[in-house]
Amino acid sequence: MDEEARHRDRMRRKKELIDRRIAKATIDRGVLVVNTGNGKGKSSSGFGMLARSLGHGFRCGVVQFIKGSFSTGEEAFFRMYEDGALDYHVMGEGYTWETQDKARDIAAAMAAWDVAERMLADPAYDFILLDELNIALVKQYIPLDRVLDACRARPERQHVVITGRGAPDALVELADTVTEMRVVKHAYQAGIRAQKGVEL
């Protein structure tokens, strides 16, 4: 058998295997996705799914925890979709080392959670991105049980993405898909400041 024939045979067997796996995936419901870890890309992935959801005509909601004291490209871009398709809230007041006011940080996190909790209970939302929620959970600014209960009770077809490093074990257990971003290299370590289009 020549190399081309061997390749066709391998690809035929691979296709059969993948087709069998796809055929077994018969459940159709909303998924809970958690993007965590110390590497870059958690929020970027979430915003990519937001773009995909808007492309499908979904009604979407975004609540950004922690971030908020500086403008980002994703906020500027997605604000163009606030015509009923997207409900976008920047609720943080900046990173905790910038605010240096724990009571204020807790109040901002709880105000953001109130908005998020309302979205999670509303079947009109097909896709919700809770950006950097994990940070607020790690710092215990928002009760974890309240978040878990709202995620469990959300409408059956609603997709939710939660981002931020340090996702609590109970949230990881509840989630359908969990991705941990790992740092290999980061430009910041070489003294390169955050760049528009990459971090901002």
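Where is Glu 132 found? Glu 132 is found in the loop between strand 4 (127-131) and helix 6 (133-138). Helices (H or I, at least four residues) and strands (E, at least two) are DSSP runs, numbered from the N terminus.

This is a predicted model, in which local features need pLDDT of at least 70 and side-chain atom pairs count only at pLDDT 80 or more, while totals for chains, interfaces and linings use all residues. Residues are numbered from 1 along each chain as its sequence is written, and side-chain values use heavy atoms, with hydrogens and water left out.

**Overall architecture**

The protein has eight helices and six strands. Read from the N terminus, these elements follow the order α-β-α-β-α-β-α-α-β-α-α-β-α-β. Along the principal axes, the C-alpha atoms fill a box of roughly 70 × 45 × 35 Å. Of the 200 residues in the protein, 38% are buried; buried means under 20% relative accessible area, exposed over 50%, and partly exposed in between (1.4 Å probe, protein chains only). Among contacts (heavy atoms within 4.5 Å) with a separation of 6 or more, 80% join residues 24 or more positions apart.

Thr 163 is found in strand 5 (residues 159-163). With a relative accessible area of 0%, Thr 163 is buried. The side chain of Thr 163 makes a polar contact with the side chain of Asp 131 at 2.7 Å, and the Thr 163 side chain also reaches the backbone nitrogen of Glu 132 at 2.7 Å. A polar contact is a pair of N or O atoms within 3.5 Å; within protein, one must be able to donate a hydrogen and the other to accept it, and residues adjacent in sequence count only if both atoms are side-chain atoms. Leaving aside neighbours within four places in sequence, the residues in contact with Thr 163 include Asn 35, Lys 42, Ser 43 and Leu 129.

| Residue | Phi | Relative accessible area |
|---|---|---|
| Glu 132 | near 70° | 11%, buried |
| Gln 140 | about 60° | 68%, exposed |

Gln 140 lies in the loop between helix 6 and helix 7.

**Packing of helix 5 with helix 7**

Two packed helices are described by the angle between their axes and the distance between the axes. The axes of helix 5 (residues 102-120) and helix 7 (residues 144-153) come within 9 Å and cross at roughly 20°. Axes are lines fitted to C-alpha atoms, for helices over the stretch in contact, and angles run from 0 to 180 degrees between N-to-C directions. Helix 5 and helix 7 are therefore roughly parallel to each other, a term for angles under 35 degrees. On the helix 5 side, Met 110, Trp 113, Asp 114, Glu 117 and Leu 120 meet Arg 146, Val 147 and Ala 150 of helix 7. By class, this contact has five nonpolar, no polar and three charged residues. Here Ala, Val, Leu, Ile, Met, Phe, Trp, Tyr, Cys and Pro count as nonpolar, Asp, Glu, Lys and Arg as charged, and the others, Gly among them, as polar.

Met 110 lies in helix 5. Not counting residues up to four places away in sequence, Met 110 touches Tyr 141, Ile 142, Pro 143 and Arg 146. The C-alpha atoms of Met 110 and Ala 136 are separated by 9.0 Å, and these residues are 26 residues apart along the chain.

Methods
Parallel < 35°, antiparallel > 145°, perpendicular 65-115°, else oblique.
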